[in-house]
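Please look at the sequence and the structure below before reading on.

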Amino acid sequence: MTLINESHPEEFILLGFADRPWLELPLFITLLITYPTALVGNIIIILVSKLDPRLHSPMYFFLTTLSCLDICYTTSIVPQMLFCLGSSTKTISYTGCVIQLYFYSIMGCAESLLLAVMSFDRYVAICRPLHYTVIMNQCICILLVSIVWLGGMAYAFSEVTVTFQLPWCGVNNLDHLVCEIPVMIKTACGEKKANELALFVVGIFLLGVPLCLILASYASIGHAVLKIKSSAGRKKTFGTCSSHLIVVLLFYGPAISMYLQSPSSISRDQPKFMSLFYGVVTPTLNPFIYTLRNKDVKGALSNLVRSVLHSN
């Protein structure tokens with residue numbers, strides 16, 4: 001274990017899969033494929049939503065925001081993961097770790113809140129259709145997205161700042177691929193119970209509460225869908241909502257397993273695989289989930305491809 005004499009280390013050594021070097025090349029190649037795929041897929045969603053007038057609705061406004069978040073979210077960690085897996089120098093500066101953790105935390109918290117907002121949008125659209133345009137007007141949509149971003153920033157600046165106040169006792173080895181709050185707390189020394197409790201309480205509010213609201217919204221939506229007499233109408237509604245539910249499960253499952261348990265009880269490899277999942281797999285799959293299960297997006301994408309081909 002590397003020791004230093006300063007109050008905080010100049011850099012952190014990211015151990016990653018140093019104990020299993022045979023994993024590094026396959027993971028490096030996987031990230032090299034999935035990262036550009038995630039970027040291209042989410043950029044396409046943004047372009048399609050902006051260029052097709054039929055998609056100028058609150059639902060696709062929130063979907064565009066989700067794609068922007070996914071781009072920023074995966075970009076905040078994947079380059080560092082690639083560097084860690086593909087280089088013999090597995091270090092990140094103290095300042096770089098702080099900056100990465102701020103951005104990573106902002107995007108993660110904002111996505112959790114945004115998924116709850118998106119479920120509320122679907123609830124209003126299906127359960128209160130006559131009031132939809134009044135409730136989900138442009139000002140309300142912008143306000144909700146602003147709250148999402150501000151909530152992410154408030155969480156990051158409070159939780160990350162408190163985490164970096166912990167003493168390091170000269171240790172600068174992080175058994176992870178990136179800087180992440182539970183691992184930082186686990187690695188730090190001194191009294192950490194207050195930090196662990198704070199992380200758990202914040203996790204309840206930012207993961208548990210939004211997930212409960214989402215499940216309550218979809219319980220009401222499911223009840224409303226059963227009342228739709230048209231089978232085509234039920235199928236369309238189910239297709240739209242199931243896409244969102246799949247994304248919710250992909251995001252909240254791994255996040256809850258990381259942030260709603262004590263950092264000291266987290267296994268050695270859990271943070272690495274969970275960060276790969278919700279930081280890489282989920283942003284890569286989201287565009288495919290929304291595209292393949294949504295006729296409007298597929299139609300808009302086809303029109304965009306045709307217009308590009310005809311212009312050439």
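## Helix 1 and helix 2

In this predicted model, helix 1 passes helix 2 in a left-handed crossing. Helix 1 covers residues 24-51 and helix 2 covers residues 58-75, and the two pack at an angle of about 155 degrees, with their axes 9 Å apart. Because angles over 145 degrees count as roughly antiparallel, that angle makes helix 1 roughly antiparallel to helix 2.

On the side of helix 1, the residues in contact are Y35, L39, N42, I43, I45, I46, S49 and K50, and they meet Y60, L63, T64, S67, C68, D70, I71, T74 and T75 of helix 2. Sorted by class, this contact of helix 1 with helix 2 holds nine nonpolar, six polar and two charged residues.

## Helix 4 and helix 8

The packing angle between helix 4 and helix 8 is about 20 degrees, and their axes lie 9 Å apart. Helix 4 and helix 8 are therefore roughly parallel to each other, and their crossing is left-handed.

Helix 4 brings C109, S112, L113, L115, A116, S119, F120, R122, Y123, I126 and C127 to this contact, where they meet L206, L207, P210, I214, S217, Y218, S220, I221 and A224 of helix 8. The residues of the contact of helix 4 with helix 8 divide into 15 nonpolar, four polar and one charged.

## The largest cavity

When the whole structure is searched, two cavities of 30 Å³ or more are found. The largest cavity has a volume of about 210 Å³, and of the 15 residues that line it, G108, C109, Y155, L207 and Y259 lie nearest its centre. The elements giving two or more residues to this lining are helix 4 (94-127), helix 8 (193-226) and helix 9 (231-259).

Helix 4 supplies the largest share of the lining of the largest cavity, with five residues. By class, the lining of the largest cavity has eleven nonpolar and four polar residues, and no charged ones.

## The second largest cavity

The second largest cavity has a volume of about 90 Å³. Ten residues line the second largest cavity, and M59, M118, R122, H244 and Y290 are those that lie nearest its centre.

At least two residues of the lining of the second largest cavity come from each of helix 2, helix 4 and helix 9. Six nonpolar, two polar and two charged residues make up the lining of the second largest cavity.

Note on methods
Residues are numbered from 1 along each chain as its sequence is written. This is a predicted model: local features need pLDDT of at least 70, side-chain atom pairs count only at pLDDT 80 or more; totals for chains, interfaces and linings use all residues. Side-chain values use heavy atoms; hydrogens and water are left out. Axes are lines fitted to C-alpha atoms, for helices over the stretch in contact, and angles run from 0 to 180 degrees between N-to-C directions. Helices (H or I, at least four residues) and strands (E, at least two) are DSSP runs, numbered from the N terminus. Angles under 35 degrees count as roughly parallel, over 145 as roughly antiparallel, 65 to 115 as roughly perpendicular and the rest as oblique. A crossing is left-handed if the near helix is turned anticlockwise from the far one by less than a right angle, and right-handed if clockwise. Contact means heavy atoms within 4.5 Å. Ala, Val, Leu, Ile, Met, Phe, Trp, Tyr, Cys and Pro count as nonpolar, Asp, Glu, Lys and Arg as charged, and the others, Gly among them, as polar. On a 1 Å grid over the protein atoms alone, a cavity is a set of points where a 1.4 Å probe fits but cannot get out, and a pocket is an open set with protein on both sides within 12 Å along at least five of seven lines; lining residues have an atom within 4 Å of a point. Grid points are joined across faces, edges and corners, and a volume is the space filled by probe spheres set on the points.
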